[in-house]
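This briefing sets out selected features of the structure shown below, grouped by topic. The model is a predicted one.

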Amino acid sequence: MKEVKPNSFHAWFLAARPKTLTGAIIPVLLGSALAVSDGLFKSVPALLCLLFACGMQIAANFINDLFDYLKGSDRQDRLGPQRACAEGWITTRAMKTGIGIILLFSCLTGLAALFVVWEQLPYRGWELVMLGGACVLFAFLYTTLLSYRGWGDVLVLVFFGFVPVCGTFYIQAYTIDMDAVTLSLISGLAIDTLLMVNNYRDREQDAISGKQTLVVRYGKKFGEYMYLGLGIAAALCCFRFLFTGRLTPFEFIWAPGIYLCLHIRTWRGMVHIGSGKQLNRILGETSRNMLLLGLLLAAALSIA
């Protein structure tokens, strides 16, 4: 990698880890696709949800970077993305300022979404404020505490599934139904495969640094089958939309069906590699698979 000047735009771009934004975009895309399917899509609320989700993802990346550096952890993701503070790209003072700015931006977009709801339903939607506050709170708690105690997978289901998908659908439709809940589960399960393979890759270093992920607690084989099971469960949840008529049999085959085939193929590669830097390729394939599921499922729901 070419030399990165401290606190430069390039440094901040790398620290934001744009590849991770896939996990923020997919839930908003799915929630909006369901609104399109119901004829309730609203572009401004959808855009505000997207900006909030991306802002919170970047903030979480900054917080994670800063905390790992200040903690002096042996775990600096040696096999994965380089850390901006550890590499000297961004000073700790600048990173703290950056965290404050991006959180402020996210909160402002969240408040704008609340005002959009008020235009239609005066003095409704205060639950969005509580959800936004929870997102900010857990962005800190996840990095500093909960991920070290094995709660990462649960938080992914909540904050990459139920909160963004149901939240995006709610501020467009002003209600939440079982289709939104099911779609939230699909999103959370698919995105959790990325966390699972990340923890699978880092299991030895996590054990040394005291990070008790599920893979550290229950072992390598558990991680392999948990990864496989998450993807299968995400695909099976799509059957609801087949039964309710939101997906035709053909759409079911080329949406969750294609994803499941790719997921199993990636799982086999993961098991074959087992450990080492080559698992970064599996991370890339996992990100591709979940993005493809989000795009295909959103397209299928939108044209239903």
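**Helix packing and selected residues**

Helix α1 (residues 9-16) packs against helix α3 (residues 43-71) at an angle of about 100°, and their axes are 8 Å apart. That angle makes α1 roughly perpendicular to α3.

**Contact of α1 with α3**

- On the α1 side, the residues involved are W12, A15 and A16, which meet I58, N61 and F62 in α3.
- Sorted by class, this contact of α1 with α3 comprises five nonpolar residues, one polar residue and no charged residues.

**Contact of α2 with α14**

- Helix α2 (residues 22-37) and helix α14 (residues 279-302) have axes 8 Å apart and pack at an angle of about 10°.
- From α2, the contact draws on T22, G23, I26, L29, L30, A33, V36 and S37; from α14, it draws on S287, M290, L291, G294, L295, L297, A298, L301 and S302.
- By class, eleven nonpolar and six polar residues make up the contact of α2 with α14, with no charged residues.
- L297, one of the α14 residues in this contact, is buried, because its relative accessibility is 0%.
- Leaving out residues up to four places away in sequence, L297 touches L30, L183, I186, C238, L247 and A255.
- The C-alpha atoms of L297 and Y259 are separated by 9.8 Å, and the two residues are 38 residues apart along the chain.

- Helix α7 (residues 152-173) has 22 residues, which should span 32 Å at 1.5 Å a residue; the end C-alpha atoms are 30 Å apart, so the two values agree.
- Of the 22 residues of α7, 17 are buried, and the helix is therefore largely enclosed by the rest of the structure.
- Although Y174 is not a glycine, its phi is positive, at about 60°.
- Y174 counts as buried because its relative accessibility is 19%, and the cut-off for buried is under 20%.

**Helix α8**

- The 24 residues of α8 reach 35 Å from the first C-alpha to the last, close to the 34 Å expected at 1.5 Å a residue.
- Because 20 of its 24 residues are buried, α8 is largely enclosed by the rest of the structure.
- At the start of α8, the backbone nitrogen of D179 has a side-chain oxygen of D177 within 3.2 Å.
- T193 has its place in α8 (residues 178-201) and is buried, with a relative accessible area of 1%.
- Not counting residues up to four places away in sequence, T193 touches Y227, L230, G231, Y259, H263 and T286.
- R201, also found in helix α8, is buried, with a relative accessible area of 4%.
- A polar contact of 2.8 Å joins the side chain of R201 to the side chain of N198.
- R201 and G276 are 75 residues apart along the chain, and their C-alpha atoms are separated by 6.9 Å.

**S106 in helix α5**

- S106 has its place in helix α5 (residues 92-120) and counts as buried, at 0% relative accessibility.
- A polar atom of the S106 side chain lies 2.9 Å from the backbone oxygen of I102.
- Apart from neighbours within four places in sequence, S106 is in contact with F52, G55 and M56.

**N7 in the segment before α1**

- N7 lies in the segment before α1 and counts as partly exposed, at 34% relative accessibility.
- The phi of N7 is near 60°, a positive value in a residue other than glycine.

Notes
Residues are numbered from 1 along each chain as its sequence is written. This is a predicted model: local features need pLDDT of at least 70, side-chain atom pairs count only at pLDDT 80 or more; totals for chains, interfaces and linings use all residues. Side-chain values use heavy atoms; hydrogens and water are left out. Axes are lines fitted to C-alpha atoms, for helices over the stretch in contact, and angles run from 0 to 180 degrees between N-to-C directions. Helices (H or I, at least four residues) and strands (E, at least two) are DSSP runs, numbered from the N terminus. Angles under 35 degrees count as roughly parallel, over 145 as roughly antiparallel, 65 to 115 as roughly perpendicular and the rest as oblique. Contact means heavy atoms within 4.5 Å. Ala, Val, Leu, Ile, Met, Phe, Trp, Tyr, Cys and Pro count as nonpolar, Asp, Glu, Lys and Arg as charged, and the others, Gly among them, as polar. Buried means under 20% relative accessible area, exposed over 50%, partly exposed in between (1.4 Å probe, protein chains only). The expected span of a helix is 1.5 Å times one less than its number of residues. A polar contact is a pair of N or O atoms within 3.5 Å; within protein, one must be able to donate a hydrogen and the other to accept it, and residues adjacent in sequence count only if both atoms are side-chain atoms.
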